[in-house]
Amino acid sequence: MTTVDWDALRARARELTARAYAPYSHFPVGAAALVDDGRVVAGCNVENAGYGVTLCAECGLVSDMVAGGGGRLVAFTCANALGERLMPCGRCRQLLWEHGGAALLVDTPAGIMTMDQVLPQAFGPADLDHVREDN
Ligand code: THU
């Protein structure tokens, strides 16, 4: 069982808020996570004049993990510009589910929770596999 240095992850997430590109919302977000091989990956939000094209901090984080060699997310935290814990948006919970699954630890304002508490009855790869196996 990997031990999680939550203070270091939170500090990294807060650091990443300073890199955010958020000229439209003025709401910088930073995210950091521990990968199962011990790497720490991170991301910040990157907005766009086409507002809907905005990339959440979690998108950058997942890209950092995949481009850096892949793996599974073990522990995740997200921060606003004040360094406060921030819950990932609905779309990003789906993104995190794909790469961390039910056991991923999520740092919430209400304490550390598992991904299946944060996204109950999630749709995911197992749903696709289930139908594929029957066909
Ligand atoms: N945002 C994130 O980066 N992650 C989230 O989980 C919540 C929202 C960003 C998107 C947008 O740039 C800004 O926060 C305001 O919604």
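A residue is called buried when its relative accessible area is under 20%, exposed when that area is over 50%, and partly exposed in between, using a 1.4 Å probe and protein chains only. By that scale D107, with a relative accessible area of 1%, is buried. The model is predicted, so local features need pLDDT of at least 70 and side-chain atom pairs count only at pLDDT 80 or more, whereas totals for chains, interfaces and linings use all residues. Residues are numbered from 1 along each chain as its sequence is written, and side-chain values use heavy atoms, with hydrogens and water left out. Helices (H or I, at least four residues) and strands (E, at least two) are DSSP runs numbered from the N terminus.

**Salt bridges**

- The structure holds 6 salt bridges, each defined as a side-chain nitrogen of Lys or Arg within 4 Å of a carboxyl oxygen of Asp or Glu.
- Side chains of opposite charge can pair when their charged atoms come close.
- D107 forms one of these bridges with R85, the closest N and O atoms being 3.6 Å apart; the pair links distant parts of the chain, since D107 belongs to strand β4 (residues 105–108) while R85 sits in the loop between β3 and α3, 22 residues apart.
- In helix α1 (residues 6–17), D7 and R10 lie 3 residues apart, about one turn of the helix, and their side chains meet in a salt bridge with an N to O distance of 3.5 Å.
- D7 is exposed, with a relative accessible area of 58%, and R10 is partly exposed at 24%.
- A network of salt bridges links D7, R10, R85 and D107.
- Helix α1 also holds E15 and R12, again 3 residues apart and about one turn of the helix, whose salt bridge has its closest N and O atoms 2.4 Å apart.
- Both members of that pair are partly exposed, E15 with a relative accessible area of 46% and R12 at 28% relative accessibility.

**E84 and its surroundings**

- E84 lies in the loop between β3 (73–79) and α3 (90–100), and with a relative accessible area of 43% E84 is partly exposed.
- Not counting residues up to four places away in sequence, E84 touches C78 and A79, where contact means heavy atoms within 4.5 Å.
- The side chain of E84 makes a polar contact with the side chain of N80 at 2.9 Å; such a contact is a pair of N or O atoms within 3.5 Å, and within protein one must be able to donate a hydrogen and the other to accept it, while residues adjacent in sequence count only if both atoms are side-chain atoms.
- E84 and T108 are 24 residues apart in sequence, and their C-alpha atoms are 9.7 Å apart in space.

**Helix α3**

- The buried residues in α3 include C92, L96, W97 and G100; seen down the helix axis, the buried residues of α3 fall within an arc of 150°, so they line one face of the helix, the arc being that of the directions from the helix axis to the C-beta atoms.
- The face of α3 turned away from its buried side carries the exposed residues G90 and R91.
- What covers the buried residues of α3 includes α2 (57–67), β3, α4 (115–118) and α5 (125–133).
- Just after α3, G101 takes a positive phi of about 70°.
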